[in-house]
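Dear colleague,

Please find below the structure that I am handing over to you.

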Amino acid sequence: MTAAGRYDRVAPSPGGVRIDHTTTSGTFSLDGGTWDVENNVWVVGDDSTCVVVDAPHDAAPILELVGDRRLTHVLLTHAHDDHVTVVPELLAAHPGAAVALHPADRELWDRTHPDLAPTQDLADGDVVQVGDVELTVLHTPGHAPGACCFHARDLGVVLTGDTLFQGGPGATGRSFSDFPTIVESIREKLLTLPPETTVLTGHGDATTIGAEKPDVEEWIRRGH
């Protein structure tokens with residue numbers, strides 16, 4: 001990964017939409033356990049407007065990346081607590097931003113933010129416009145029921161949250177998850193993308209669709 005700031009492994013669009021990146025550290029809790037985690041945060045936008053993909057742990061570095069731009073959306077790949085922690089802080093700084101989540105993850109969301117409702121339901125095929133770039137919503141259940149990825153075809157990028165990592169699918173050994181479902185999601189929605197597509201993940205290093213596609217059978221043998 002590059003240091004916090006512009007993610008220079010992805011070229012900007014003709015209209016100047018770029019991807020900025022930072023990481024934040026904290027914990028993930030589910031099913032009575034708690035684990036230390038480091039999360040990626042992706043900010044997609046031009047010099048005037050942007051969207052944030054996931055809101056983990058610490059608002060300050062996220063808000064620093066947003067800067068004086070207008071934040072239009074907080075796009076949530078899913079509602080595990082380590083991906084939604086600081087949504088209220090982002091909204092306090094940018095009260096006009098939409099909080100977008102697939103409704104199948106509402107039960108998970110309510111465990112962290114019972115007094116705050118998302119303001120926009122995501123659905124497969126939805127498009128979020130960011131400058132001259134379209135982010136297409138891909139509903140990819142398995143790691144969580146409402147897990148979604150965001151495909152920026154014009155940037156050659158898909159932001160996968162915890163659905164697909166370098167080396168395989170996201171974890172499916174806990175509540176609300178299912179291994180056959182995540183494999184089907186990856187096969188049908190992600191591995192059909194161009195092989196050169198850069199995969200920007202919720203944790204860890206980036207990969208490409210072409211690098212991951214040959215290993216599906218190994219994932220299945222390995223299981224969750």
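**Salt bridges**

Arg18 and Asp20 are both buried, where buried means under 20% relative accessible area, exposed over 50% and partly exposed in between (1.4 Å probe, protein chains only). Before going further, please note that this is a predicted model, in which local features need pLDDT of at least 70 and side-chain atom pairs count only at pLDDT 80 or more, while totals for chains, interfaces and linings use all residues. Residues are numbered from 1 along each chain as its sequence is written, and side-chain values use heavy atoms, with hydrogens and water left out.

Arg18 and Asp20 also form a salt bridge, with 3.2 Å between the closest N and O atoms; the term requires a side-chain nitrogen of Lys or Arg within 4 Å of a carboxyl oxygen of Asp or Glu. Side chains of opposite charge can pair when their charged atoms come close. A network of salt bridges links Arg18, Asp20, Asp47 and Arg69. The structure holds eight salt bridges.

Another salt bridge joins Glu107 to Arg111, the closest N and O atoms being 3.9 Å apart. About one helical turn separates Glu107 and Arg111, because they are four residues apart in helix 4. Helices (H or I, at least four residues) and strands (E, at least two) are DSSP runs, numbered from the N terminus. Arg111 counts as exposed because its relative accessibility is 52%.

Lys189 and Asp124 meet through their side chains in a salt bridge of 3.2 Å, N to O. This pair links distant parts of the chain, 65 residues apart: Lys189 lies in helix 5 (residues 179–190), and Asp124 in the loop between strand 7 and strand 8 (127–130). Lys189 is partly exposed at 24% relative accessibility, and Asp124 is partly exposed at 42%.

Seven strands form an open sheet in the order 1-2-3-4-5-6-7, with mixed pairing; two strands pair if DSSP finds at least two bridges between them. Strand 1 (5–6) and strand 7 (120–121) are the edge strands, each pairing on one side only. Strand 1 pairs with strand 2 in the antiparallel sense over two bridges, and Arg6 stands opposite Asp20 in strand 2. Helix 1 packs on the sheet and touches strand 1, strand 2, strand 3, strand 4 and strand 5, its direction making about 165° with that of strand 2. Contact here means heavy atoms within 4.5 Å, and axes are lines fitted to C-alpha atoms, for helices over the stretch in contact, with angles running from 0 to 180 degrees between N-to-C directions.

**The nonpolar cores**

A nonpolar core is a set of buried Ala, Val, Leu, Ile, Met, Phe, Trp, Tyr and Cys residues joined through side-chain atoms within 4.5 Å. The largest has 27 residues, of which Val52, Leu71, Val74, Leu76, Val87, Leu90 and Trp109 touch the most other members. Helix 1 gives the most to this core, with four residues. Not counting residues up to four places away in sequence, the contacts of Leu76 include Asp54, Val87, Trp109 and Phe150. A second, separate core of 24 residues includes Val10, Ile19, Trp42 and Leu155.

**Backbone**

Most residues other than glycine have a negative phi, and most peptide bonds are trans. Asp54, however, has a positive phi near 75°; this residue sits in the loop between strand 4 and helix 1 and is buried, with a relative accessible area of 2%. Phe176 likewise has a positive phi near 75°. Phe176 is in the loop between strand 13 (168–169) and helix 5, and is partly exposed at 27% relative accessibility.

With kind regards
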